[in-house]
Amino acid sequence: MSARTLRITHAATLFALAGVFALWYLGRGHMATALVVFIAPPLLLAAGVLAGNRLATFWSGVGGLLWFSHGVMEAWSNPAYRWLALAEVLLALAIILLASWPGLAARRRRRSD
């Protein structure tokens, strides 16, 4: 996978996660909290990933771990929003994989040499 394709895919996944959070939290009475805590972080990280910022890529992987944990907890405890929580879990796994992809590819290349 080329670096450009990886960045675009990674950013699109972060945008999709922000969309899931917007569906989930907007309209539930805490708009400012939803924007600051849930929607803004993946959007800001997506902008950084598109710009090629390595720190944004790293922090999206760390955030992916948190989003995965949050999604599992919500899927378990909140049946009304289980489908959104499971979407969060899947997107978080994709974000973790995409953030780790360059390191995994480099390791695979080293082993083949």
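Okay, one definition before anything else: when I say helix, I mean a DSSP run of at least four residues, numbered from the N terminus. With that in hand, Leu91 sits in helix H4, and I'll come back to that residue in a minute.

What you have on screen is a predicted model. On confidence, the mean pLDDT of the chain is 94, and 100% of its residues reach 70 or more. The lowest stretch is helix H4, residues 82-112, with a mean of 93. The highest is helix H3, residues 54-77, at 97.

So, the overall layout. We've got 4 helices and 0 strands, and going along the sequence that reads α-α-α-α. The C-alpha trace spans about 55 × 30 × 20 Å along its principal axes. The chain has 113 residues, and 36% of them count as buried.

Now back to Leu91. Is this residue buried or exposed? Leu91 counts as buried, because its relative accessibility is 17% and the cut-off for buried is under 20%. Have a look at Leu14 as well: Leu14 and Leu91 are 77 residues apart in sequence, yet C-alpha to C-alpha they are 7.8 Å apart in space.

Next, a loop residue. Ala51 lies in the loop between H2 and H3. Its relative accessible area is 65%, so Ala51 is exposed.

Which residues make the nonpolar one? That's Leu26, Met31, Leu35, Val36 and Val37, and together they make a surface patch of about 440 Å². Take Met31 from that group: this residue is in helix H2, which covers residues 31-50. Met31 counts as exposed because its relative accessibility is 53%, and exposed means over 50%.

The other patch is a charged one. Arg107, Arg108, Arg109, Arg110 and Arg111 gather on the surface as a patch of positive charge. Let's pick out Arg110, which is found in helix H4. Arg110 has a relative accessible area of 61%, so it is exposed.

Technical notes:
Residues are numbered from 1 along each chain as its sequence is written. This is a predicted model: local features need pLDDT of at least 70, side-chain atom pairs count only at pLDDT 80 or more; totals for chains, interfaces and linings use all residues. Side-chain values use heavy atoms; hydrogens and water are left out. pLDDT is the predictor's confidence in each residue, from 0 to 100. Helices (H or I, at least four residues) and strands (E, at least two) are DSSP runs, numbered from the N terminus. Patches are made of residues with over 30% relative accessible area and no salt bridge: like charges are joined within 9 Å, nonpolar side chains (Val, Leu, Ile, Met, Phe, Trp, Tyr) within 5 Å. Accessible areas come from the Shrake-Rupley method with a 1.4 Å probe; for residues, only the protein chains shown count as cover. A salt bridge is a side-chain nitrogen of Lys or Arg within 4 Å of a carboxyl oxygen of Asp or Glu. Lys and Arg count as positive and Asp and Glu as negative; His and the chain ends are not counted. The place of a charge is taken as NZ of Lys, CZ of Arg, CG of Asp or CD of Glu. Buried means under 20% relative accessible area, exposed over 50%, partly exposed in between (1.4 Å probe, protein chains only).
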